[in-house]
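Q: I am new to this structure and would like to be walked through it. Could we take it topic by topic?

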Amino acid sequence: MDLPKTSKAMVLTEFKKPLELLDIPVPELGPGDMLVKVDLASVCGTDVHLARDELSMHPPTPIIMGHETVGEIFHLPDSVKVDVTGVPVKVGDRIMWSHLFDGECYSCKVLHEPVMCERSRGYGFSPAKELRGGYAEYEVVLSGTDFIRIPDEVTSEEAVGACCAGRTVVNAFDRLYACGGIHQGDSVVVTGVGPVGLFAIVMAAQSGAAKVIATDISPTRLEFAKKWGATDVVNSADFKDSAERVKYIRDLCGGRGADIVVECSGSLAVFAENLDLLAYYGKYLIVGQTSENDIPIVPNKIQRKGAVVIGSHSGDIRHYIKCLKFVRANRGKYPFGEIISKKYKLEDANQALEDMRAGIALKAALVNK
Ligand SMILES: [Zn+2]
Ligand SMILES: [Zn+2]
């Protein structure tokens with residue numbers, strides 16, 4: 001099939017300005033590069049902040065955003081026969097892919113942790129002319145990018161959560177398991193029920209925890225938490241102060257606090273309060289914090305409790321694969337597809353971003369039909 005000459009894209013031409021619908025020339029593909037037709041591109045909270053230049057990184061504009069993308073293979077080079085797990089691929093198959101890591105730097109070669117790659121080439125953050133963002137009709141998947149084929153029975157709506165929130169939580173739980181993990185009968189508290197929190201809840205629920213307690217200030221999100229396996233939900237706004245809330249949650253954990261707290265809210269105040277939820281020898285897993293700001297804490301709360309504090313960031317193709325397997329295995333049990341609250345046409349991406357900022361239930365997604 002002939003390659004398209006141009007691709008429509010909603011382009012962030014300048015920070016803090018609405019995205020513009022532009023025709024971007026499809027760049028000349030290098031050997032091994034794929035071209036995919038975007039099937040579903042979900043809008044990340046990160047995009048909302050990126051568009052307003054509120055992140056610690058400031059990539060040069062114009063940018064095509066979108067790093068949570070399911071794409072249909074449109075051009076498949078002869079050199080590519082299988083995905084990273086060895087599953088054969090053909091034109092028309094749906095795939096998802098990670099950022100491109102160089103495989104050469106200290107993080108890749110010595111640490112074997114490509115998410116810390118010093119020269120990664122991302123999707124959703126790169127110059128618009130390179131056509132590597134999901135807010136577009138077509139997207140280039142560069143040679144060497146790790147990708148996986150999405151099984152036919154898994155819908156794009158179910159799969160897309162694995163592209164960002166899901167793989168992030170799988171990586172975080174791998175790190176948690178390296179520090180002892182979740183034991184049968186444990187109490188797990190997940191603070192913040194966005195997409196990351198939901199995946200933490202469902203994976204904790206499947207891990208043998210006796211209690212999976214979700215906290216948020218949105219009743220809608222707390223309803224989602226129940227459907228994704230939370231045994232108890234707590235609206236943080238229902239308490240007169242922190243001490244009352246902490247006591248209530250500790251009591252839900254049997255009075256001794258939480259064996260594991262997973263921070264997914266992104267709030268600095270929640271981050272600090274969570275130290276009071278921990279039981280002795282509790283583990284504190286931090287996945288939701290992106291702010292550059294600080295907050296005072298009492299380090300002795302960590303020391304005196306013998307607590308373990310674990311940070312985790314993003315995920316590589318291992319975590320995409322495991323997350324997709326998890327979704328496939330449990331899709332009859334949990335409504336993974338409901339993570340997409342509302343779908344928008346590509347040209348309505350500004351509305352999607354606005355609705356995300358205004359607090360749409362979970363995620364907006366752009367469709368390309
Ligand atoms: Zn994301
Ligand atoms: Zn590297």
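This is a predicted model: local features need pLDDT of at least 70, side-chain atom pairs count only at pLDDT 80 or more; totals for chains, interfaces and linings use all residues.

Q: Let us start with the metals. Which residues are the protein donors of the zinc ion (ligand 1)?
A: The donors are C44 (SG), H67 (NE2), E68 (OE) and C164 (SG), and they lie 2.1 to 2.3 Å from the zinc ion (ligand 1).

Q: And what is the arrangement of the 4 donor atoms there?
A: The arrangement is tetrahedral, because the angles subtended by the 4 donor atoms run from 91 to 128 degrees. For reference, the ideal angle for four tetrahedral donors is 109.5 degrees.

Q: How are those donor residues spaced in sequence?
A: The spacing is C-x22-H-E-x95-C. C44 sits in the loop between strand 3 (34-42) and helix 1 (45-51), while E68 sits in the loop between helix 1 and strand 4 (69-75), so this pair ties together parts that are 24 residues apart in sequence.

Q: Are C44 and E68 buried or exposed?
A: Both C44 and E68 are buried.

Q: Which residues coordinate the zinc ion (ligand 2)?
A: That ion is held by D102 (OD), C105 (SG), C108 (SG) and C117 (SG), at 2.0 to 2.3 Å. The site is tetrahedral, with angles of 94 to 121 degrees among its 4 donor atoms. The donor residues follow the spacing D-x2-C-x2-C-x8-C.

Q: What about accessibility at that site, for D102 and C108?
A: D102 is partly exposed, with a relative accessible area of 23%. C108 counts as buried, because its relative accessibility is 13% and the cut-off for buried is under 20%.

Q: Changing topic: how many residues does the largest nonpolar core have?
A: It has 54 residues, and those with the most contacts inside it are M96, F199, I201, M203, W228 and V262. Elements giving two or more residues to this core include helix 4 (165-178), helix 5 (195-205) and strand 11 (258-263).

Q: What is I201 in contact with?
A: Apart from neighbours within four places in sequence, I201 is in contact with V190, V193, V212, A214, A225, W228, G229 and A230. There is also a second, separate core of 50 residues, which includes I73, Y344, A364 and L366.

Q: You listed V193. Where is V193 found?
A: V193 is in the loop between strand 8 and helix 5, and it is buried, with a relative accessible area of 1%. V193 and T215 are 22 residues apart in sequence, yet their C-alpha atoms are 6.9 Å apart in space.

Q: And where is S207?
A: S207 is in the loop between helix 5 and strand 9. S207 is buried, at 13% relative accessible area. A polar atom of the S207 side chain lies 2.5 Å from the backbone oxygen of A204. Not counting residues up to four places away in sequence, S207 touches Y177, I182 and Q184.

Q: Finally, how many aromatic pairs does the structure hold?
A: There are 9 aromatic pairs. One of them, F74 with Y138, is edge-to-face, at 5.3 Å centre to centre and 75 degrees between the planes. F74 is in strand 4 and Y138 in strand 6 (residues 138-141), 64 residues apart.

Q: Which rings are linked into a cluster?
A: Ring pairs join F199, W228, F326, Y334 and F336 into a cluster.

Conventions. Residues are numbered from 1 along each chain as its sequence is written. Chains are lettered from A and ligands numbered from 1 in the order in which they are written. Side-chain values use heavy atoms; hydrogens and water are left out. Donors are N, O and S atoms within 2.8 Å of the metal (3.2 Å for Na, K and Ca); water is not among the atoms, so sites may look incomplete. Four donors count as tetrahedral if all angles lie between 85 and 135 degrees; four count as square planar and six as octahedral if opposite donors are over 155 degrees apart and all others between 65 and 115; anything else is irregular. Helices (H or I, at least four residues) and strands (E, at least two) are DSSP runs, numbered from the N terminus. Buried means under 20% relative accessible area, exposed over 50%, partly exposed in between (1.4 Å probe, protein chains only). A nonpolar core is a set of buried Ala, Val, Leu, Ile, Met, Phe, Trp, Tyr and Cys residues joined through side-chain atoms within 4.5 Å. Contact means heavy atoms within 4.5 Å. A polar contact is a pair of N or O atoms within 3.5 Å; within protein, one must be able to donate a hydrogen and the other to accept it, and residues adjacent in sequence count only if both atoms are side-chain atoms. Rings of Phe, Tyr and Trp (its six-membered ring) pair if their centres lie within 6.5 Å; planes under 30 degrees apart count as stacked, over 60 as edge-to-face and the rest as tilted.
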